[in-house]
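Have the sequence and the 3D view at hand as you read.

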Amino acid sequence: KTGIIQGIRTEFDISKLGYQQFKVDIDLKDYSKIDAITNYLKQNPHLFYITKTAGHADLEPTFRVQGLNQMHEIMDDLNRRFPGTIKNYNYFYVTEMHKLDYMPVFF
């Protein structure tokens, strides 16, 4: 009722469902398009989460897909949808997550 708890989540072993997780670092040529790209990516059913960052990459979306081909399709679609906007990108296959905290612990 007070709004402290905003959700509860269940985590699945996505590999048993035939999925892989990829993190993508995206550097933009045209930073003015960041909100449009973010909103477009939010519509993708394979997007797990996305962060806007300062320093390393402009955007860091994480996808859960059924393989490398599907990851390539997502990035090819993004390049077609926003031509000349993406300077470059690198993707990383997440093999294991050691810790994922959804609630900070304050002492």
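E60 sits in strand 3, where a strand is a DSSP run of E with at least two residues and a helix a run of H or I with at least four, numbered from the N terminus. With a relative accessibility of 16%, E60 counts as buried, because buried means under 20% relative accessible area, exposed over 50% and partly exposed in between, using a 1.4 Å probe and protein chains only. Apart from neighbours within four places in sequence, E60 is in contact (heavy atoms within 4.5 Å) with K23, V24, D25, Y49, I50, T51 and T53.

This is a predicted model, in which local features need pLDDT of at least 70 and side-chain atom pairs count only at pLDDT 80 or more, while totals for chains, interfaces and linings use all residues. Residues are numbered from 1 along each chain as its sequence is written, and side-chain values use heavy atoms, leaving out hydrogens and water.

Strand 3 covers residues 59-65, and seven of its seven residues are buried. In a regular strand, side chains alternate between the two faces of the sheet. Here L59, P61, F63 and V65 point one way, while E60, T62 and R64 point the other way.

Which strands pair with strand 3? Strand 1 (residues 20-28) pairs with strand 3 in the antiparallel sense over five bridges, and F22 stands opposite F63. Strand 2 (residues 47-52) also runs antiparallel to strand 3, joined by five bridges; here T51 is the bridge partner of E60. Two strands count as paired if DSSP finds at least two bridges between them. The hairpin of strand 2 and strand 3 has six residues between the strands, and G55 takes a positive phi near 120° there.

## T38 in helix 1

Now look at helix 1 (residues 34-42), which holds T38. Is T38 buried or exposed? T38 is buried, with a relative accessible area of 7%. The T38 side chain reaches the backbone oxygen of I34 at 2.7 Å. Leaving aside neighbours within four places in sequence, T38 is in contact with I50, K52 and L59.

How values were computed. Polar contact = N/O pair within 3.5 Å; in protein donor to acceptor, adjacent residues only side chain to side chain.
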